[in-house]
Amino acid sequence: MPGFVVVGAQWGDEGKGKIVDLLTERVDVVARYGGGPNAGHTIRAGGLRFALHHIPSGILRETVLCVIGNGVVIDPASLLKEIDDLRAAGVRVEDNLRISERAHLILPYHRGCDIAREEASPHGKIGTTRLGVGPAYEGKAGRYGLRVADLRDESTLLDKIRRVAQMTRAACGNGLPAESDPQPERVAEEYLAHARRMAPFVADTSRLLNERLDAAAVVLCEGAQGTMLDLDHGTYPYVTSSSSTAGGACTGLGISPVRVEAVLGVLKAYSTRVGEGPFPTEQENEHGRLIRERGREFGSTTGRPRRCGWFDALVARYSITLNQTESLALTLFDVLDAMEEIPICVAYVHEGRRIESLPADPAVLRSCRPVYETLPGWRQDTSGATRLEDLPRQARDYIARLEALLECEIGIISTSPLREKTIIRPDSRIARWLPER
């Protein structure tokens, strides 16, 4: 298999980091294709915990090449801190990390604009991470962004930064916070220092990836956020600023769609969401608090508590259709161990009418009421199970019911944050795609 995509099938935070890290034992390249430091992929290995925001989740494997693609927006200071933290933990990055020269950069003005907009809209917040990701993508689309390649030309850099500052201030309208509006001369000096440290990693990553694919390498395309946060297909306007569906892998990495042969969707055994926006199955009650506590549902980027609720089959089916997902990884399964009953949302009711597809209008989705099918819980500890037959019958029934509702196999079940505590079903498509080496 030349290339395949791992994509979030809900609102992000599905546990993609662990799944990618798990699969890297069987791939040659992991390439991140979208998002920025607003992503948080958490990996636990060797007794250590790593929260990655730019760097692909394959970085813990020395034999795997990790690529930050052109579709990612980079905060250089944040990226360099990730590199330093990995080195301090004994992880080598010199030979197996490459950064696209075409990736766009986040500047202080972008962060300032992000903060100013959220503060100015108390009743219309999007709930961004305030890290400047959205304004950086705006600059990219508006053709006044700054790219990694621009850092090579010191003679033109200051003028380009001045233009970014001018255009971002104008786009923001309400003015930037003073601490996020430094003089362009200072920013140019800082970013030239960043450029010197980043230089050994910078490459034409599109050419690199295509060469590796030509040589029959297995390339895992790693998404950020989730399908329901996609700029085109998510719960707009409560979305991210990039393409977080499988389709974004091609534009975000510079590879052809014919290179991608399969898609693995990652979803939780329940649902969560961070920030504003409609969330039909949200449980603002003891059930939601229990899920949050057992699942440690706090953002790895912001630390914000996540909104928690029951599994939504309409959201999952929508994601499977958009991404043409052929196999699913179900994560945080053991979080449900404490539940006496486990509802699954199988439809919505809106203004007295039952609907079984996802409405595009967020106002309609917000007013939908979920229709639940309730399954018995298993009330047994499943944490650390590595075979399907190790799970209680009711737990296996829950998995089977999800498969029937979604018309898609669940090939992986994660029962712990640790990579080795995972069920990979030997008869699944993912096992056939990536045979053990």
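1. Helices here are DSSP runs of at least four residues marked H or I, numbered from the N terminus. Helix 6 covers residues 184–198, and both R186 and E190 lie in it. These two residues are 4 residues apart, about one turn of the helix. The model is a predicted one.

2. R186 and E190 form a salt bridge, with 3.3 Å between the closest N and O atoms. Side chains of opposite charge can pair when their charged atoms come close. R186 is partly exposed, at a relative accessible area of 48%. E190 is also partly exposed, with a value of 31%.

3. D85 is partly exposed, and its relative accessible area is 41%.

4. The side chains of R387 and E389 also meet in a salt bridge, at 3.4 Å from N to O. Is E389 buried or exposed? Its relative accessibility is 52%, so E389 counts as exposed, because the cut-off for exposed is over 50%. R387, at 43%, is partly exposed.

5. Salt bridges can also join up in a network. One such network links D13, K268, E297 and R306.

6. For the structure as a whole, the count comes to 32 salt bridges.

Notes. Residues numbered from 1 in each chain as written. Predicted model: local features only at pLDDT ≥ 70, side-chain atom pairs only at ≥ 80, totals over all residues. Heavy atoms only, no water. Salt bridge = Lys/Arg side-chain N within 4 Å of Asp/Glu carboxyl O. Buried < 20%, exposed > 50% of the residue type's maximum accessible area, 1.4 Å probe, protein only.
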